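Take a look at the model below.

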Amino acid sequence: MSAERQPRPTANRAPRTELQPGILLDVRTQLEEAAQAMDATLRQAACSAAIGRHGSTAAGFYDATGALIVGGRESHPLLLEAAAEALAFLAEKQATAGRSFAPDEVYWTNDPRCHGAGLEDLILTGPVVRAGRVVAFAALTAAHPALGRASLAPVESLRREGLILPWTRAGCAGAILPELLDLLAANAEAPAEFLADLRVQMHALRLGRAVMEALADRPGPETLGPVWAALGEGPRRALRSIVQKLEGGTAEGRVAPFGVRMAREGDGLRVVVTEEEGTRRSRPTAALARASVRAALREVVSAETPALQVLGGLAGAVSVETPWDGRGGDLPVGPARFSGAQRLHEAVLAAVCSALPHLGHAPDGGPILLDLRGERADGSPYRMRLELPGGLGASVFGDGMSHAAPAFQPLCLRPIEAIERAGPLRVLRCELRSDSGGAGQYRGGLGATLALELLEGRAEADVFLPGGSPGLRGGMRGTTARLIRVTPEAGLQEQAGPVQVTLALRAGHRLILETSGGGGWGLPFQRSILRVEEDLARGLITREESRRRYGVVLKPGSLEKDDHLTYRVRHYLLSTLAVEDIIAGEELLD
Amino acid sequence: MGQAELRIGIDVGGTFTDLVLCDGAEGSLCLAKVPTTPQDIALGLLQGLRQSGAPAGRIAEIAHGTTVATNAILERKGARTGLLTTAGFRDLLELRDGRRRSLLGRQAAFEPLVPRPWRREVSERLDASGAVLAPLAEDGVKAAAEALREQDVEALAVAFLHADKNGIHERRAREILQDLWPNGHLTLGSEVCPFPDERLRMATAVLAAYLTPLMARYVESLERGLGEIGTAPPVRFIESAGGSCAPAEVRSAPLRTILSGPAGGATAGASLAGLLELPAAVTADMGGTSFDVAIIQEGQPELSGDRTLEFGLTVAVPSVAIHSAGIGGGSLICMDESVPGGLQVGPESAGAHPGPACFGKGGRRPTVTDANLLVGRLVGDRCDLGLPPLDPGPAYQAMLAEVCPGLGLDPIGAARVVLEVAEARMVGCLRTHLASRGVSPGEAVLIAFGGAGPVQAAPVARKLGIPRVVVPYLAAGFSALGALLTPPARTAMVAVEATLRTLTPERLRERVAAAFGGAVRGKLRLALFLRRGENPHEDMLPVPDPAEPVATRIRAYHAFTERAYGIRPAPEGVFVTRLLAILEEGSCPIALDRSLQRTFARAQARYAATAAAAGAAQGTGIPRVPAAGLKVGAAYRGPALVVLPGASAYVPEGMPYRVDGWGNLILETGE
């Protein structure tokens, strides 16, 4: 096994009994609140949409080995774990070089080769040092599209290039070195806004670091070491308990293009990731894959015990093996940079759900990302990024939410009026996409439809369309994302995801974007007829879908159910099931 | 009491309904408290009036902070509401902006206030400048309204795209609907929210429509109930932004009362901060269910233009910026033994029924109040409120059963840990919100009130580094006192299209005049909402003087951003989106200075006459000190339980404290 795949040793393991419960709880609550304050400050003050509107930030505290101790309640879950990978890299690099951290230093990176998350995800960290040893790191990650030159443009485009910052000492005494700021400004698309956001990130990091510094003084490093160990023990214990419930200690799941096999390994869990051959979908780096697996497992352990959601502790208990270990993976760049990590996350959930259905959910429909660069009739340029979320996966607890962003891509749709006021565009409609949610005993959330028309000038649009989301436990796949271009010259042209395309648009051209629905859960014809009728009344599914997927047949020309035919169709569909499937379905109903 | 007028301030909380009675002759105040009746709030309120002993004929005025609107949203008990909107966009309410409820985990489906079949599309279209692209299909409006009426829809919201630029189609739709919708419960998006962002406008219009019939019924029931007890005084409702308005205005604009209760506390806090000449203060109102924080600077509470009431429901409503954490005296404590640090305090609350275990009303789960009682930070005697004493027995048993096994401690030790966690959460809430306004804890004073606020204030302030705590004498009814202190006011929020650099005093005056439809007379409070880049967050900038030069305003904004964010944004890139104006149309009906002095002086005289002896809290040895027995200005040192009407304040060991002439208990937490 390579060093990369080894579970990291947990720093300062110490018996929990040495701790007073009050100290443990007090430290945990202080760190949780401080992380929340870091995230909130940054999101409130930043100019960029990525931070301010979408909330792509992650605040956390990490031990001397880089393992996550406590993260923010609203932190981006992948960025939170990715920072742990990067900090482990930094700690090891410093140790290898025989260098130690000094108080007040600030380090940064956005380099995936240093196990950073993506090119635009800048990790800022401040080590808290006592007696020459690191007590903990306070770290704050934020997405700066200006840094990564985020774009959906093809690889060969210059726009795709960004600035790579390997782990570097960026400053001290809580400030970034001015010459480094000059360097960044010279390479950023919108230097003033980018530098302002960076300063805010630094300011927010100081808030969190001050709390950790105070804890390092009182109760002090001797107490904090055992506190870190005790806090991490909670998620580890919960994970062990879950692993024990897996049949034979193993579970498998697949969400294209990734497969996941989990197996008990000593006191922990080994996760082996496989990949479909010849896939062209984005593949996370090995570090991002590990972060993604841990984020998924954190979701699983906190499904039953929400108090665990902010705690780390899994780095020491989970080893991850990927086919691309040591080979890098794709360079994570642009708004779709985490789509591969999202799929891997869902594959882990699928594996867990195969044995323990209540701990996860079906995969989410990904968002459509549109990057539009155009010129008005008067020659003035404009640029607009639009994000249109899909539907979320259903679970054993109910239908998925319609039109919501997946966990790793916290995006949101701009107001329609803002779109029309920012560029020569008219939105023709924006509505739920009927029939898009994966059919199931519980239906996947619906995707959305957005129809746009270019009013003047010309434009170039890069569009990322995600693939469909499979259902779980007999649930069906959510409808795949679709792009329809309507032009006077070529009429109607249609493309389905997963794909990334670049389109040339002229005045009068129309684009219809349809996002994918979430995966369904459970067998569709076991869905309550009442719920199917409700969906019909609300126009969320069509008559055809009702008949074909759910076996609920309507009388001609009305929304009234044909009881006789419905009974016969459902009875027939049920008779096609194997006994095991029926039992499994009934178990789900329970 | 003489024959002079009585003014009554009422605050309906989740657990108790508080009444503060101000005797017009002497200006002295007294407090009454009755359990809230969630099933019919007016019932509890009228009961409180009866119990207060106020002669019906002497009631000159009632000022009322209400939670009726808030509860209706939480419990989804508003009217059956329909929506008319532009064709192609009926789902915007359900689509929201696409955010998740939480970042991890499964996400339950979202149910908007208006179900899809009641969201009807009408053919019409304006462009981004407000010009008409497609005329309003008047037959479509009629057909949609008739279809909704057939489905027993009671209230109707009309919200079209770009109506903030031009409300012509919405107004025409209302004209068409006048006859078709005889109950008159019609709300236009362009009137309740004349700002860009169709989702905000639609949600605001829908919520206003959703609440209108309910609030109209509540006002009617309250007025009828008052009549039944033999009085018909003028009633003022506290507005979310801190002014007060007449019942007729609540009937037509119910959104104004959405944060009515907490606004009373913040208003009282601001008045007290002004009286004590505190440049920066933070109010902490801790009742049974929540810990509400408001920041006061230069005697004015921070204001907000939008409010997220629950997931997917953000509405434009001027309000005092109240930041809440789900932690109060009634917050339930639970222990997950599988998790180190898995002790949870709140947000679930024991509420009024059964309440904390120590209330002896059948509650078996421990709460923060139980923990306070067990460690002796709470005076159990509530006879001054006509309530039975708190019983430590059930509190002990509840702690023993629910928390002790997980912590491996005895109930007293476990109670201490519970309080540590509760205080850490309060510290976090305060730290976050002080930081968001760029206020350093070291320069702020904590004004603590509510039934539980004075108990937790000193340890919280000490942990956070706030050097001083002020506990008002009527802390237990401070929000009700705030209701009395809110002056009649008109509140308006108007759109502004300018940058920080281009908003001249002349343009500002023009917007103020537009807000109130002409000349402005009275005391004016102004705040600007500023936005930068693509961030939807808006910063609030108070405008102390509309005539101040642009440079002064830029300096004030930079002073704020430097402290809060560590930056000085270029004024050209700071967009002024809205102006919030509050025009006080009358003076505060009571003089706080004299009222507080007389109230405390009377309490001292009564105390001296009865010569009540100071005792010790049960089993803890912490001296119990009636506030009225303290000598004004004299220095004391903790530990102490200072007994106030309906509440007690905990002073930790060694902490200096004193009482001032207004009866405020002042704790020097920084020493």
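P569(B) counts as buried, because 23 C-beta neighbours lie inside 10 Å. The rule is simple: a residue is buried if 20 or more other C-beta atoms lie within 10 Å of its own, exposed if 12 or fewer, and partly exposed in between, with C-beta atoms placed from the backbone. Find P569(B) in the loop between α17 and β26 (574-584) of chain B. Helices (H or I, at least four residues) and strands (E, at least two) are DSSP runs, numbered from the N terminus.

What is P569(B) in contact with, leaving aside its neighbours within four places in sequence? The partners are A196(A), R532(B), T561(B) and V574(B). Contact here has a cut-off: the C-beta atoms of the two residues, placed from the backbone, lie within 7 Å. R532(B) is 37 residues from P569(B) in sequence, yet their C-alpha atoms are 8.5 Å apart in space.

A word on the ground rules. This is a predicted model, in which local features need pLDDT of at least 70 and side-chain atom pairs count only at pLDDT 80 or more, while totals for chains, interfaces and linings use all residues. Residues are numbered from 1 along each chain as its sequence is written, and chains are lettered from A and ligands numbered from 1 in the order in which they are written. The pLDDT is the predictor's confidence in each residue, from 0 to 100. Chain B averages 90, and 97% of the residues score at least 70. The model scores ipTM 0.91 and pTM 0.92.

Now look at where the chains meet. On chain B, 64 residues are in contact with 81 residues of chain A. Elements of chain B that give two or more residues to this side include α7 (198-228), α13 (411-436) and α17 (550-565). The largest share, twelve residues, comes from α13(B). By type, the residues on this side of chain B divide into 29 nonpolar, 16 polar and 19 charged. Ala, Val, Leu, Ile, Met, Phe, Trp, Tyr, Cys and Pro count as nonpolar, Asp, Glu, Lys and Arg as charged, and the others, Gly among them, as polar.

Turn to chain A. Its secondary structure comes to 14 helices and 20 strands. Of its 590 residues, 61% count as buried. The C-alpha atoms fill a box of roughly 80 × 65 × 40 Å along the principal axes. Among contacts in chain A with a separation of 6 or more, 74% are between residues 24 or more positions apart.

Follow helix α7 of chain A, residues 221-245. Its 25 residues reach 37 Å from first C-alpha to last, close to the 36 Å expected at 1.5 Å a residue. That expected span is 1.5 Å times one less than the number of residues. The helix has a kink of about 25° at E233(A), shortly before the proline P235(A). The bend is the angle between axes fitted to the seven residues ending there and the seven starting there.

Finally, some backbone exceptions. Most residues other than glycine have a negative phi, and most peptide bonds are trans. D104(A) has a positive phi of about 75°, and H115(A) has one near 70°. Which of the two is buried, and which is partly exposed? H115(A) is buried, with 27 other C-beta atoms within 10 Å. D104(A) is partly exposed, with 16. The peptide bond from G497(A) to P498(A) is cis, with omega near 0°. Another cis bond joins G638(B) and P639(B), where omega is about 15°.
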